[in-house]
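This report looks at a metal site and at aromatic ring pairs, and it places the residues involved by their solvent accessibility.

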Amino acid sequence: MTEISKLGEFGLIHRLTDNIKIKNESTIKGVGDDCAVLHYPDSEVLVTTDMLMEGVHFDLTYIDLQHLGYKSAMVNISDIFAMNGTPRQLTVSIALSKRFKVEDMDDFYSGLKLACDKWGVDIVGGDTTSSYTGLAISITCIGEARKDDIVYRSGAKDTDLICVSGDLGAAYMGLQLLEREKSVYYQQVDEARKKNDKRALEELRNFQPDFAGKEYLLQRQLQTEARGDIIAQFRELGIRPTAMMDISDGLSSELMHICKESGCGCRIYEKNIPIDYQTAVMAEEMNMNVTTCALNGGEDYELLFTVPIGDNEKIQQMDNVKLIGHITRPELGQMLVTRDNQEFELKAQGWNPLSKEE
Ligand SMILES: [Mg+2]
């Protein structure tokens, strides 16, 4: 492992960015001057930024730096897709403490580059600095869209269909799984320490967490994917959503944003919410209501969007998209219809199936 001080800031930047090849016409100048230079003669420019703090947004006992790099880029790219745009450039700023070495940054950048290559995004700049407390990452993604193609949160109208891509709750269940295995590990370490059992402690170095049959949950938590494939399908099928968001904080909360911004209500059906089998199994093991997990679990980065009812046939042709409900007049509220036909008001923080009885 190489100390970062050995390369110095410029040496490190050179090592991390030297092999970057520019892919987009709109990138006039990438890394290597005081500013990047971008050129968008005919489009609107979309800008999004996200900050990730160690201990708050990620835990390096669960996620390695390559996956973290990949995820940090993907969550920003996802926001550009959520506006129906095309991501083009990305800047990355990192603050790191002494425990991180040059090779750690190589890993982080390799994940970052994988994500950027996947969606044709150029890394055009950034900053590296030191921190006392750990790792902090700030990423800005720039994209473009034609003015008429941009989809805001505010465009949903009464009778529009509500759709969601992929499945929900799996990333949250993946986090629960990682936390469970981490606490199993520390429990065993604690016990061995109490008994002063040196052999047990030695064996715990090779502790293998039990992830069998739950690989999908881990993948959803650790290998975030932005749904650019859904945006591509919109273009092929001639669909322009009326409102759209990516699901970073949970379906309930995002749906409430759309309703608020659009001045409407909604009705979604529990039986239509897409949930993977592994998510359901894990929820059962954790004694959690799987619908609650799908509604409030974060980090799925699926797309939530509304389309006019006339687009129903086109939606049926889409892969990986499910119709979960429809938009209503605002006075009808934001409702979830359960499998047994009861109605509950959606809440941003957890949906309590018992609330009617209280
Ligand atoms: Mg978003």
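A residue counts as buried when its relative accessible area is under 20%, as exposed when that area is over 50%, and as partly exposed in between. Y185, at 27% relative accessibility, is therefore partly exposed, and Y186, at 41%, is partly exposed as well. These values, like the others here, come from a predicted model.

**Aromatic pairs**

Y185 and Y186 form an aromatic pair with 5.0 Å between the ring centres and 70° between the planes, an edge-to-face arrangement. Ring pairs also bring F207 into a cluster with Y185 and Y186. The count of aromatic pairs comes to 5, and among them is the pair of F108 and Y109, whose planes stand at 65° with the centres 6.3 Å apart; because planes over 60 degrees apart count as edge-to-face, this pair too is assigned to that class. F108 is buried, with a relative accessible area of 1%, and Y109, at 7%, is likewise buried.

| Pair | Centre to centre | Angle between planes |
|---|---|---|
| F108 and Y109 | 6.3 Å | 65° |
| Y185 and Y186 | 5.0 Å | 70° |

**Magnesium site**

The protein donors of the magnesium ion are D79 and D246, each through OD, at 2.1 to 2.2 Å from the ion. D79 is partly exposed, with a relative accessible area of 25%, whereas D246 is buried at 5%.

Notes: Residues are numbered from 1 along each chain as its sequence is written. This is a predicted model: local features need pLDDT of at least 70, side-chain atom pairs count only at pLDDT 80 or more; totals for chains, interfaces and linings use all residues. Side-chain values use heavy atoms; hydrogens and water are left out. Donors are N, O and S atoms within 2.8 Å of the metal (3.2 Å for Na, K and Ca); water is not among the atoms, so sites may look incomplete. Buried means under 20% relative accessible area, exposed over 50%, partly exposed in between (1.4 Å probe, protein chains only). Rings of Phe, Tyr and Trp (its six-membered ring) pair if their centres lie within 6.5 Å; planes under 30 degrees apart count as stacked, over 60 as edge-to-face and the rest as tilted.
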